[in-house]
Amino acid sequence: MQDISNIVILTGAGISAESGLATFRGPDGLWEGHRVEDVATPEAFARDPALVQAFYDARRARLAEVEPNAAHRALARLDAEWPGDLLIVTQNVDDLHERAGAKRVRHMHGELTSAWCLDCDARMRWDKDLCDHPNCPQCGVAGRLRPDIVWFGEMPYEMERIDRALMEADLFVSIGTSGAVYPAAGFVQTARYRGARALEMNLDPSLGSYHFHESRTGRAGELVPAWVEEMLSPLGSAG
Ligand code: BV8
């Protein structure tokens, strides 16, 4: 790899599509007729907590039925074998990167497998339903657990860590995201401002495709393993 040491990879719902998880803005992007933007907000939770809890309970249950796909496994291999810095920043709230074996993962929009107690502020691993008002394992109070998910209008997690990685990146790769949601959609500009090379891999060109030096269109399950092979082959010139 010519002068590529530090890599930042941003993933979105498209990388989990071939595992069977619905994306947000594709034909399957609605949930029971609700737009995600209408359900994934603190206002929606305050207005109709049962609806929002049911939305996340359904997705948490779905997660237990699916497996990582070839794209998740390829990124886990790159994570294990890449000698330089590497950070997978995912907008996804599924745990498929981790279940594929990736270690250097940050969930900027939270995780389906985590719950947050609004009484004692504890966050904990959670794989059951929340709609039946369970007790917080930490403080014992019932019915105060919410999904540990960053909703629209809430501050994404780990932004300082992510900004630092973007400032130091030699290569920024965006996989399976429409580029519709900020601040994630602006990461490519931060990376490029610092001189990084920018590669996009997506089923269709994203809203921000013009920011990328290279845009490969196709399914992540095919494009990502081929790209990882290029990056790890001794004479690879990808990126
Ligand atoms: C914040 C958790 C500030 C919920 C999510 C105007 C301008 C700029 C910003 C804004 C604005 N108006 C409002 C905002 C802010 C807002 C925003 O960006 N809104 C958008 C709609 C305009 N952003 C926020 O509110 C963020 N917070 O700004 O805070 C702040 C400052 C100070 C103090 C407090 C706050 C928080 C945003 C986070 C919201 N939460 N997720 C949940 O998951 O239920 S966002 C949600 O969208 C998901 O995380 C999802 O990942 C994300 C982005 O969607 P994608 O992942 O890209 O998925 P999508 O379906 O759109 O696209 C899939 C792509 O994959 C497609 O392109 C498709 O072609 C491709 N694909 C499909 N199949 C495949 C494939 N590619 C490859 N292979 C395949 N097989």
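Asp121 is partly exposed, with a relative accessible area of 47%, and this residue belongs to the loop between β6 (110-117) and β7 (123-125). Although Asp121 is not a glycine, its phi is positive, at about 70°. The model is predicted. The points below cover its backbone features, the surroundings of its ligand, its aromatic contacts and two further residues.

**Backbone features**

- His133 likewise is not a glycine and has a positive phi, in this case of about 50°.
- The loop between β7 and β8 (145-149) holds His133, which is exposed because its relative accessible area of 57% is over the 50% cut-off.
- Tyr182 and Pro183 are joined by a cis peptide bond, with omega at about 5°.
- Pro183 is placed in the loop between β9 and α7.

**Ligand surroundings**

- The ligand has 35 residues around it, of which Arg25, Arg59, Gly153, Thr177 and Ser178 come nearest.
- By residue class, the shell around the ligand consists of 17 nonpolar, 12 polar and six charged residues.
- Thr177 places a polar side-chain atom 2.6 Å from an oxygen atom of the ligand.

**Aromatic pairs and cluster**

- The whole structure contains four aromatic pairs.
- One of these pairs, Phe55 with Tyr56, is edge-to-face, with 4.7 Å from centre to centre and 70° between the planes.
- Phe55 counts as buried because its relative accessibility of 3% falls under the 20% cut-off; Tyr56 is buried as well, with a relative accessible area of 1%.
- Phe172 and Phe212 form a stacked pair, with a centre-to-centre distance of 6.2 Å and 25° between the planes.
- Phe172 belongs to strand β9 (residues 171-175) and Phe212 to the loop between β10 (197-202) and β11 (214-217), so their pairing ties together parts that are 40 residues apart in sequence.
- Both Phe172 and Phe212 are buried.
- A single aromatic cluster is formed by Phe45, Phe55, Tyr56 and Trp151.

**Charges over rings**

- Trp151, a member of that cluster, has the charged end of Arg146 over its ring, 3.8 Å from the ring centre.
- The ring of Trp116 has the charged end of Arg123 over it, 3.9 Å from the ring centre.

- Asn6 is located in the segment before β1 (7-11) and counts as buried, because its relative accessibility of 17% is under the 20% cut-off.
- The Asn6 side chain reaches the backbone oxygen of Glu168 at a distance of 3.0 Å.
- Ala180 is situated in the loop between β9 and α7 (187-193), the loop that also holds Pro183.
- With a relative accessible area of 33%, Ala180 is partly exposed.
- Ala180 and Arg25 are 155 residues apart along the chain, and their C-alpha atoms are separated by 9.1 Å.
- Arg25 is also among the residues that come nearest to the ligand.

Definitions and conventions. Residues are numbered from 1 along each chain as its sequence is written. This is a predicted model: local features need pLDDT of at least 70, side-chain atom pairs count only at pLDDT 80 or more; totals for chains, interfaces and linings use all residues. Side-chain values use heavy atoms; hydrogens and water are left out. A residue is near a molecule or strand if one of its heavy atoms lies within 4 Å of it. A polar contact is a pair of N or O atoms within 3.5 Å; within protein, one must be able to donate a hydrogen and the other to accept it, and residues adjacent in sequence count only if both atoms are side-chain atoms. Ala, Val, Leu, Ile, Met, Phe, Trp, Tyr, Cys and Pro count as nonpolar, Asp, Glu, Lys and Arg as charged, and the others, Gly among them, as polar. Rings of Phe, Tyr and Trp (its six-membered ring) pair if their centres lie within 6.5 Å; planes under 30 degrees apart count as stacked, over 60 as edge-to-face and the rest as tilted. Buried means under 20% relative accessible area, exposed over 50%, partly exposed in between (1.4 Å probe, protein chains only). Helices (H or I, at least four residues) and strands (E, at least two) are DSSP runs, numbered from the N terminus. A charge sits over a ring if NZ of Lys or CZ of Arg is within 6 Å of the ring centre and within 35 degrees of the ring normal.
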